[in-house]
Amino acid sequence: MTPIRIAIVGVGKIARDQHVPSIAASADFDLVATASRHGSVDGVPSYPDIEALLEKVEHFDAVALCMPPGPRHAAALTALRAGKHVLLEKPPGATLSELDDLVALAAGQRVSLFATWHSRFAAGVAQAKQWLASRNIRSVRVDWKEDVRKWHPGQAWIWEPGGFGVFDPGINALSIVTEILPMPIHLTAATLQFPENRTQPIAAELTFADAAGERATATFDWRQTGPQTWDIRASTDDGDLLLQSGGARLTIDGKMVVDGRDEEYAGIYRRFAGLIAARESDVDPRPLRHVADAFMVGRHAFVEPFED
Ligand code: NAP
């Protein structure tokens, strides 16, 4: 099969760390260009923005939009109008509603729109979903605690409106939770901690319920130094499940079931190729909806200023 000719828009940390190597390792894709104001990839033609990319590069099929969520919607509209398949980094947008016209436009243009949730491709997630599918879940506990200085150096956008603060990593946990739980949940309460000098939260406590009552809690915190924690626990009538390392390690009743390598983006590009071949889209807004709910009903607490 002829490889899908793809361009990356927004060459920053995630484009360099994951998209460029994953495309290079994939037989399904060829990276033909990038569009970024400052970033570029050695040996690949680069353009300052998506408009210049579309004007200068005649034959390509798809774009991976790797910029922050704020400017992503406009770029996605431009790419879809030009008839390109579109991969959206997570979160898929700055608002829920802006996804609607992208979904409609992709369908009208008969191209694929893929709103990626990379954590769902972590090695233990599929088996965790399978194990939980037939079990009665008593409680779910999420701890997603990391050092913002280590993972987001110099990224001013995460502290701006539409940058989501600690929900930028926290939404990864919610993408796993919504994938592996057999029942829908909804947010019932939240406390968001805002540094006095920032517009976005540095920590959050969330409570979720399903039809049977409150069963899930989550703590997101960006102030964790030392060991980092990306854990999801589910207690069931038949035993306890523990996903660690962002979903890469799965333990059931203390026994290691999966101890996987980080191959999330290889999975993302396999899935994108499959969607393009089938002319299908995959857009699941549920993790973003939970974040929006937290901003809607969450109590706001103010904590000490945060300096990078
Ligand atoms: P980043 O390092 O700041 O890179 C984003 C790039 O987008 C920038 O380098 C910038 O390149 C471009 N850009 C275009 N418009 C921009 C704007 N208005 N403000 C800031 N940058 C703009 O961010 P990132 O960590 O790669 O994250 C990008 C997206 O990937 C986010 O949605 C994030 O949640 C997601 N993600 C990140 C990680 C991670 O580990 N960092 C992991 C998974 C997913 P130019 O200046 O060259 O245009």
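Strand pairing and domain contact

Modeller: Leu88 has Ala115 in E6 as its bridge partner. This is a predicted model, where local features need pLDDT of at least 70 and side-chain atom pairs count only at pLDDT 80 or more, while totals for chains, interfaces and linings use all residues. Residues are numbered from 1 along each chain as its sequence is written, and side-chain values use heavy atoms, leaving out hydrogens and water.

Colleague: How many bridges join strand E5 to E6?

Modeller: Three bridges link E5 (residues 85-88) with E6, and the two run parallel. Strands are DSSP runs of E, at least two residues, numbered from the N terminus; two of them pair if DSSP finds at least two bridges between them.

Colleague: In what order do the six strands form the open sheet?

Modeller: The order is E3-E2-E1-E4-E5-E6, with parallel pairing. Strand E3 (46-47) and strand E6 (113-115) are the edges, each pairing on one side only.

Colleague: Now the domains: how is the protein divided?

Modeller: Domain 1 covers 4-115 and domain 2 covers 123-259 + 292-303; the bounds come from an automatic or database domain assignment.

Colleague: Which salt bridge involves Lys90?

Modeller: The side chain of Lys90 meets that of Asp168 at 3.4 Å, N to O. A salt bridge here is a side-chain nitrogen of Lys or Arg within 4 Å of a carboxyl oxygen of Asp or Glu. Across the interface of domain 1 and domain 2, the rule finds one salt bridge.

Key:
Helix = DSSP H or I, 4+ residues; strand = E, 2+ residues; numbered from the N terminus.
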